[in-house]
Amino acid sequence: MAPSTLTTLISPAELSYLRSSLALVPPIRPDARTPTQFRPLVAEIDILPSTNGSARMVWGDGGECVVGIKAEVEPTEPTSYGKRRNWVEVGVEVQGQRDDDPLGVFLGMTVGESLLTPTSTLTERLVITPKFHWKLYIDILLITPPLSHPATLLSLSTNLALRSTRIPRLISESDEDPIFDDDWDASIPLYSITSQLPPITLLVVSVEERNIFFDPTREELSVGDCVLAISLASSPAHDAPKVIGVRTLESGTGGIAADAKDGVVAASIGGVKRRVIKRIIKESLSVGKEVFESLQGVVDAN
Amino acid sequence: MTDRRRINGPSEGTTPPVFASAVVTKPTPTRAPDSLRKIFLKTSLTPPATGSAFLELPSPAPYPNSSTLKITASVYGPRPLPSSAAFSPHARLTAELKFAPFSTPHKRRGYVRDAVERDLSVQLQNALVKSIKTGAYPKSGIDVFITVLDCEGGLDGDDDEGVEVGLMGVLAGAITCASAAVADAGIECVDLVSGGVAALVKRPQNSDAMDTDGMNAPMLVLDPSPADGYQILSAAVVGYMAGREEVTLLWTKGSVGILDGEEDELDLLMDGAIMTATAVRLVLNEAVKERMLLGLARSKGKLKEDGGGDVAMSS
C-alpha cells in the first residue's frame, strides 16, 4: 500500500464526503464534470525536430507529458525471427521519482503490452527487408510530478506521437542493404489514416456499483471500489474499439475502513462483483470511441 | 599493384553462416481443455516466518522431471513499522515477488528485480490487500515474500504466435500461495483469494468438434500451461474471493470481443478464469483447514503436557 501517487492528504471525513457525493444518482464530482467527461487538455504533435515523431500533452492540473519516438535500423537475427517484442523499447521517466518506482514500471508495462499484442500491427510495420527492421524507441517523459494518475495522459500522448511518426522511404531493393531517401518530405507515416491506429489506455474507477467515472482525479481514485486500466485498439473499418488488455490498479486508501458504521462502506475491503467489471469495460468502449475521434481531431488540426 | 603476400578477403565482406534452428514441433495438449491440474499446497514450511506456504503443480505426464510451477510464500508481520515511517491508520501490505536465478529453463535470471517482477509484485499486492482487514492493524506492516523456484518456462512475453500465459500462471499461483500464507500467519481476512487463469485459443485443426460453425470460434481452455502448445488468442487471470463472489484482480491480454447483451468472449474468459479460481479455492480451503486441525491437535497436546507439569519449553 505504499505507492506515492495514491497517498492523499485528505482526512477520513473528507474521504467519506467525497465518496458519498460520488455514490449519488446522478453523481456529483468535485470538479462538476459528468462521469464520462475528461479534464481539459492541450495537445500538440511534431514538436521535437530530432525525432521521428513526437507529441506533447498538458493536463489542466499541470501534468505535462512529452513523448519522443526514434527509429533505428537494426539487422533482424534469423534465429530469433518471430520474437519481435524486442523491436520496441519503451522508457518512462517520471520527474522527481526514482527509477525503480512502481509507477514508472507499471506505465511502461501497460504501454509496451498494449503495443505488442498479437493483433497489433506495429511490428509488421517495422519490417524493412527480410534482413532488416526498424527498432522503435519510445521515450516518455512526465515533466511535472503528476497530481493524478498519469496512465491516461501518457497513453494518449504516446498514441499521438506514434501517429505523427514518419520513417524514411526505402529506395533500395528488398535483397540489398537498405538505403533510404534523403528527402524528409518523401517519408512515410508509420500509421496511415486508413490503417489500424495505435492503442490507448483509459483509467476508469467505479464507486458503489452504479457509478463509473472516467479520467479520475487522485482523490476520486482513493475512494473508488475498483480501478481498471483498459487498453483499447481501434481501426476505422470497425466502429467500436476492441479491448486488448485490462489491468487492475490499486484503489481505496484503507483509511475509511474504520468508520464503516455510519453509512460509508469500507472501500478498501473486498473486491467488486463481476457484473461491475463487465459494465466498466462496456462503458469504456463507447467512451473510447469518442476519445479516438478527438485524437483524430488533434492529428487533423496539425 | 596488388599485395601478393596476403590473401585478402572478399572486398564486399561476407556474412557468417547462420543455421536455421531445427523446426520445433509444438507439443500437443494432453489434458482436456476444461480439466485442471492437481495442486500441491502446504502451509507452515518456513519456520522463521509468521506464515508460509508452498505450491507445486505436477509435471506434465510424459516427462516426470520436467519443469513445473513451484512457488513459496512467506509472510512476516504484522510487525511495527519503522519509527521513521509516517503514521498509518491501517496496516501497510507490501508484496515482493522474485524469480529464483535458476527458475527459468534457459536463461539465468539476475538477483536484481527487473520490471516483470516489479509488475507482478504490484499486481499481487493489489489482489491481496482487498482481502485483508488492514484496519485491524494500525501502525504496522505486513510483508509478503514470494519466490518462484521453478516456472514452466515461456516468460518471453507475447509474440506474433500468440499471447503468452506463463506470467499469468505464475501470478495466479502466487496469489493462491500468498493467500494461504496470510491465513497461516493468522492475519484477519474477510476471505481467501485464489487465482485462476483461462485462455481463448485457436481451435486445433482436426478437433473433435464436428460442427462447422464452431470451427472458427475460439476454444476456452481452463488453467492453460505454456507447455501445452496452444496458440493463445487472449488470456485472463483473476484474483477471486469465492466466499464473497468478488473479483479483486483482473488482468487480460489479447483482443477480446464484446457484444451487447449476449454471451461474448469477455464473459467466456472471465467465467473460465473464475471457474478455475473457484476450483483452486477448494485446494486452498483444504490446506488452511489441515493447518488449523494440526494447530488444534497441538494445543490439546500442549494442555495435557502442562497438566502433567512437564513443560518442554522450560529451558
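Predicted model: local features only at pLDDT ≥ 70, side-chain atom pairs only at ≥ 80, totals over all residues.

The points below start with chain B as a whole, go through its parts, and end with a helix pair in chain A.

1. Make-up of chain B. Chain B holds three helices and nine strands. Along the sequence these elements follow the pattern β-β-β-β-α-β-α-β-β-β-β-α. Of the 315 residues in chain B, 46% are buried. Among contacts in chain B with a separation of 6 or more, 70% join residues 24 or more positions apart.

2. The five-stranded sheet. In chain B, five strands make an open sheet with mixed pairing, in the order 1-2-3-5-4. Its edges are strand 1 (40–43) and strand 4 (92–99) of chain B, each of which pairs on one side only. On average, neighbouring strands in this sheet are turned by 15 degrees against each other, ignoring direction.

3. Strands 4 and 5. Strand 4 of chain B pairs with strand 5 (residues 140–150) of chain B in the parallel sense, over eight bridges.

4. Helix 1 (residues 115–129) of chain B lies across strand 4 and strand 5 of chain B, and runs at about 140 degrees to strand 4 of chain B. Helix 2 (residues 166–184) of chain B also packs on the sheet, where it touches strand 1, strand 2 (51–56), strand 3 (70–80), strand 4 and strand 5 of chain B. The direction of helix 2 of chain B makes about 145 degrees with that of strand 2 of chain B.

5. Helix 1 against helix 2. The axes of helix 1 and helix 2 of chain B come within 10 Å and cross at roughly 45 degrees. That angle is why helix 1 of chain B counts as oblique to helix 2 of chain B. The crossing of helix 1 and helix 2 of chain B is right-handed. From helix 1 of chain B, the residues in contact are B:V116, B:L120, B:Q123, B:L124, B:A127 and B:L128; they meet B:L167, B:V170, B:L171, B:A174, B:I175, B:A178 and B:S179 in helix 2 of chain B. By type, the residues of this contact are eleven nonpolar, two polar and no charged.

6. Strands 8 and 9. Strand 8 (residues 232–241) of chain B pairs with strand 9 of chain B in the antiparallel sense over seven bridges. B:A235 stands opposite B:K253 in strand 9 of chain B. The hairpin of strand 8 and strand 9 of chain B has four residues between the strands, and in this hairpin B:E245 takes a positive phi near 55 degrees. How many residues of strand 9 (residues 246–256) of chain B are buried? Eleven of the eleven are, so strand 9 of chain B is largely enclosed by the rest of the structure.

7. A helix pair in chain A. The axes of helix 4 (residues 151–163) and helix 6 (residues 274–301) of chain A come within 11 Å and cross at roughly 45 degrees. Helix 4 of chain A is therefore oblique to helix 6 of chain A, and their crossing is right-handed. Helix 4 of chain A contributes A:L156, A:N159, A:L160 and A:R163 to the contact, while helix 6 of chain A contributes A:V291, A:F292, A:L295, A:Q296, A:V298 and A:V299. The residues of this contact divide into seven nonpolar, two polar and one charged.

Technical notes:
Residues numbered from 1 in each chain as written. Chains lettered and ligands numbered in written order. Heavy atoms only, no water. Axes fitted to C-alpha atoms, helices over the stretch in contact; angles between N-to-C directions. Helix = DSSP H or I, 4+ residues; strand = E, 2+ residues; numbered from the N terminus. Parallel < 35°, antiparallel > 145°, perpendicular 65-115°, else oblique. Left-handed = near helix turned anticlockwise from the far one by under 90°. Contact = heavy atoms within 4.5 Å. Nonpolar A, V, L, I, M, F, W, Y, C, P; charged D, E, K, R; others polar. Pairing = 2+ DSSP bridges. Buried < 20%, exposed > 50% of the residue type's maximum accessible area, 1.4 Å probe, protein only.
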